[in-house]
Amino acid sequence: MLLEAQGLKRHYRVPDRATWFGQHQVQAVDGVGLSLDAGETLGLVGESGCGKSTLGRLLLRLEKPDEGSLRILGKDWAGASEAELRPLRGQAQMVFQDPYGSLNPRLKAWDAITESLLAQGLAAQARREAAAALLDKVGLPQSSLDRHPHAFSGGQRQRLSIARALASHPRLLIADEPVSSLDLSVQAQILLLLKSLQQEQGLALLFISHDLRVLRQLCDRVAVMYLGRIVEQGPASEVLERPCHPYTQALLAAAPPHPLAPPKPAGQRRAPHPLDLRASAGLAGEPPSPIHPPSGCRFHPRCPLAQPRCSSEPPLLKDSGPLRQAACHLIGTGS
Amino acid sequence: MPLLQAEGLSIAVPTAQGPALAVRGASFCLEAGQTLGLVGESGCGKSLTALSLMGLLPPGARLAGGSIRFDGRELAGLDEPAWEGLRGRELAMVFQDPAACLNPVMRIGEQVAEALRLHQGLAKAAAWDKAVGLLGQVGIPEPKLRASQYPHQFSGGMRQRAMIAMALSCQPRLLIADEPTTALDVTVQAQILDLLKQLQKELGLAILLITHDLGIVARAADRLAVMYAGRVVEQGRVREVLRAPAHPYTQALLDCLPGLGRPLRALQGQVPELWDMPRGCAFAPRCSRAGADCLAQDPPAQELALGRQAACLHLEAGHAA
């Protein structure tokens with residue numbers, strides 16, 4: 001495994017506005033384990049505030065986990081200091097959501113995308129040549145070398161961000177909502193680019209998104225997060241076609257239908273999963289705050305199938321099928 | 001007769017290169033009780049079109065031509081007092097970002113009541129009671145308590161519900177919803193779309209739903225108008241347009257949609273700049289079906305069937321002109 005994380009935790013302290021002096025803990029990431037292989041794409045999905053971006057930042061050690069282990073390329077980085085992290089920085093890179101905020105407006109394109117190579121002591125001429133090769137790779141014309149970010153469109157800027165991430169020849173790439181601010185036609189261009197670069201270079205790609213359609217298109221495996229914990233993971237086609245966890249089912253039920261999805265002919269329709277909620281009405285309520293997460297299973301106040309034990313006992317992530325795991329008391333009980 | 005009929009709508013906006021047309025002769029219509037989805041990528045002019053229907057064009061932008069008929073009345077060229085009489089009463093709008101549209105230092109109930117006092121002349125107490133009722137109607141639990149809270153105490157979905165309550169307070173006949181669910185999570189998004197649909201049924205509202213998401217249109221709209229570079233390039237019943245698009249741009253948008261397990265086909269190139277519109281069809285430089293004739297002439301919309309139009313010289317297979 002190229003990346004293996006276990007029991008990652010990150011809690012933040014925020015001031016309690018009701019008392020002016022107290023503090024709350026936000027359990028942004030609360031005991032998450034993940035693994036990712038070279039050449040594999042793992043999708044991380046969840047509603048806003050579920051901790052998916054924090055998890056992405058933890059995996060790159062942009063933030064320090066409070067607890068847990070983080071093995072990347074055979075070494076544990078969980079407790080490493082900034083200086084010790086330097087070798088990891090070239091190996092693991094990130095593409096951010098906002099292509100406007102993540103590029104320095106004062107740097108020309110070639111300078112911006114090869115800034116990381118300064119750390120390797122490359123001279124300006126060598127960096128320019130590297131930039132030319134990178135622009136080629138992400139499908140931007142060579143005339144872009146000396147332009148500033150403001151001269152590029154959103155999609156082109158996202159291409160620059162990808163070029164910058166690839167400059168240090170990383171093995172692991174984490175993309176946090178890289179296409180959610182882009183128009184449909186541009187989004188497709190960037191998805192195709194990411195996929196082809198990944199195949200070419202055998203990158204391990206963690207793709208963070210709230211868009212189930214994008215995940216289904218791009219990912220080999222998906223992990224579904226709810227309030228700081230992973231509630232279900234497994235092969236993308238399986239999890240997104242036959243979800244086990246009531247939350248995944250609700251998420252799929254709420255997503256707008258694919259406008260072209262053909263109605264399945266009656267003969268080919270798979271038997272519905274015993275817990276399948278998709279026929280029922282959508283999910284009521286909104287995700288609770290991660291400041292005071294519900295006891296037991298964090299989904300139980302919104303779960304239509306909740307039972308008494310769900311409010312007291314947190315369910316563990318356990319096998320729910322070949323290569324699949326889910327954290328729900330109702331799975332495997334046959335009910 | 002349709003409730004709303006826009007004909008040849010053109011909107012000029014200032015650009016660095018001088019004034020340019022951001023909307024270039026858009027035509028569409030909307031019946032009472034129906035939802036029209038207006039779809040297009042950013043910069044195609046869909047939001048400007050919506051604002052022009054409310055008489056709310058931003059400073060500098062102006063209506064450069066065309067007519068907007070609402071219930072038989074011409075809206076183009078109305079003066080501000082006349083618009084004020086229509087807004088809120090006949091036409092209402094819900095915006096993308098409810099956090100930015102609510103006054104942060106005013107109780108939610110007061111904000112809803114304000115419209116009622118202004119437009120219906122209700123007394124303070126009566127307006128407040130009606131506001132509480134409206135908040136309940138849009139599915140806000142404990143409306144009495146919630147009405148006396150401030151926007152920061154509301155979640156994104158609840159704020160959007162409050163905005164909808166405000167928009168519907170004076171029983172308008174047309175509701176314009178500009179990306180009403182884009183800022184919300186999918187589970188909340190589904191709730192808001194269901195709410196709009198239910199209110200439409202109860203009140204017989206016409207809804208103009210502006211979105212970039214074809215999935216939302218498929219779920220929530222009856223008819224669909226696709227905009228590209230300031231023109232409506234195709235319109236018709238949602239199901240018909242999505243199942244068998246006539247315009248190559250509509251087809252290309254559908255090819256870009258992820259999630260069906262088929263390979264994506266990206267649309268290459270970019271939308272032309274406003275000040276640099278091609279002489280012919282604006283989509284021709286990116287179009288796989290374009291011929292020499294497309295570069296010479298901007299194709300007019302042709303009627304393919306009743307209520308179905310497309311503006312293209314080389315329609316997709318299966319559509320005879």
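Reader: What percentage of the 335 residues in chain A is made up of buried residues, and what makes a residue buried?

Author: The model is predicted, with local features needing pLDDT of at least 70, side-chain atom pairs counting only at pLDDT 80 or more, and totals for chains, interfaces and linings using all residues. Residues are numbered from 1 along each chain as its sequence is written, while chains are lettered from A and ligands numbered from 1 in the order in which they are written. A residue is buried if 20 or more other C-beta atoms, placed from the backbone, lie within 10 Å of its own; buried residues make up 46% of the 335 in chain A.

Reader: Why does the radius of gyration of chain A agree with that of a compact globule?

Author: The radius is taken over C-alpha atoms, and the globule rule is 2.2 Å times the number of residues to the power 0.38. For 335 residues a compact globule would have a radius near 20 Å; chain A has 21 Å, so the value agrees.

Reader: Which residues of chain A stay under 50 in pLDDT?

Author: pLDDT is the predictor's confidence in each residue, from 0 to 100. Chain A averages 87, but residues 264–281 of chain A stay under 50. Where pLDDT is low, the predicted coordinates should not be read in detail.

Reader: How many residues of chain B are in contact with chain A, and what makes a contact?

Author: Two residues are in contact if their C-beta atoms, placed from the backbone, lie within 7 Å. On that basis, 32 residues of chain B are in contact with 29 residues of chain A.

Terms used
A residue is buried if 20 or more other C-beta atoms lie within 10 Å of its own, exposed if 12 or fewer, and partly exposed in between; C-beta atoms are placed from the backbone.
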